[in-house]
Amino acid sequence: MARARSKPAGVWALLTADAITGLQRRSGMSTEEMVQGAGLSSPYYLKRAAGVLPYTLNDIEAIATVLQVTPLEIATLAAQLADDSVATSTTEQAAGASRVL
């Protein structure tokens, strides 16, 4: 049986990748330390961190454990990044509209 190909990372996966990167930087842990601690290979991790492929729930759980946070904290930070992105986009749209007026 052929293995199904992974779909490219969607918006939520990209926000999750950004959240993980931010938490890793805040922790002071090197990327290599985090990757090894989570039991991931560097190429596997780098594809997900770059948004080429999405993380699995197992990946998120392993990374959360290494970073000493919960998967919910990763999801919450991703949601906050989404809110920030919407707020920035709305502000930019409003600024553009005022320039037209």
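Which residues of helix 2 are buried? They are Met 34, Val 35 and Ala 38. Buried means under 20% relative accessible area, exposed means over 50%, and partly exposed lies in between (1.4 Å probe, protein chains only).

The model is a predicted one, in which local features need pLDDT of at least 70 and side-chain atom pairs count only at pLDDT 80 or more, while totals for chains, interfaces and linings use all residues. Residues are numbered from 1 along each chain as its sequence is written, and side-chain values use heavy atoms, with hydrogens and water left out.

The secondary structure of the protein consists of five helices and zero strands. From the N terminus on, the order is α-α-α-α-α. Helices (H or I, at least four residues) and strands (E, at least two) are DSSP runs, numbered from the N terminus. The protein has 101 residues, and 29% of them are buried. Among contacts with a separation of 6 or more, 65% join residues 24 or more positions apart. Contact means heavy atoms within 4.5 Å.

Helix 2 has two contrasting faces. Its buried residues are covered by elements that include helix 1 (11-27), helix 3 (42-49) and helix 4. The face turned away from the buried side carries the exposed residues Gln 36 and Gly 37. Val 35, in helix 2, is buried, with a relative accessible area of 2%. Leaving out residues up to four places away in sequence, Val 35 touches Leu 40, Ser 41, Ser 42 and Tyr 45. Val 35 and Ile 63 are 28 residues apart along the chain, and 7.7 Å separates their C-alpha atoms. Just after helix 2, Gly 39 takes a positive phi of about 75°.

Helix 2 (residues 31-38) packs with helix 4 (residues 57-67) at an angle of about 120°, and their axes are 8 Å apart. That makes helix 2 oblique to helix 4. Angles under 35 degrees count as roughly parallel, over 145 as roughly antiparallel, 65 to 115 as roughly perpendicular and the rest as oblique. Axes are lines fitted to C-alpha atoms, for helices over the stretch in contact, and angles run from 0 to 180 degrees between N-to-C directions. The crossing of helix 2 and helix 4 is right-handed. A crossing is left-handed if the near helix is turned anticlockwise from the far one by less than a right angle, and right-handed if clockwise. From helix 2, Met 34, Gly 37 and Ala 38 take part; from helix 4, they meet Ala 62, Ile 63, Val 66 and Leu 67. By class, this contact of helix 2 with helix 4 has six nonpolar, one polar and no charged residues. Ala, Val, Leu, Ile, Met, Phe, Trp, Tyr, Cys and Pro count as nonpolar, Asp, Glu, Lys and Arg as charged, and the others, Gly among them, as polar.

Helix 4 also packs with helix 1, at an angle of about 20° and with the axes 10 Å apart. Helix 1 and helix 4 are therefore roughly parallel to each other. Their crossing is left-handed. Helix 1 contributes Thr 16, Ile 20, Leu 23, Gln 24 and Ser 27 to the contact, and helix 4 contributes Ile 60, Ile 63 and Leu 67. By class, the contact of helix 1 with helix 4 has five nonpolar, three polar and no charged residues.

Met 29 lies in the loop between helix 1 and helix 2. At 21% relative accessibility, Met 29 counts as partly exposed. Neighbours within four places in sequence aside, Met 29 is in contact with Gln 24, Met 34, Val 66 and Leu 67. Met 29 and Leu 67 are 38 residues apart in sequence, with 8.1 Å from C-alpha to C-alpha.

Arg 48 lies in helix 3. Its relative accessibility is 8%, so Arg 48 counts as buried. Beyond four places in sequence, Arg 48 touches Ala 17, Leu 53, Pro 54, Tyr 55 and Asp 59.

Gln 68 sits in the loop between helix 4 and helix 5 (71-100). Gln 68 is exposed, with a relative accessible area of 73%. Its phi is near 60°, a positive value in a residue other than glycine. Most residues other than glycine have a negative phi.
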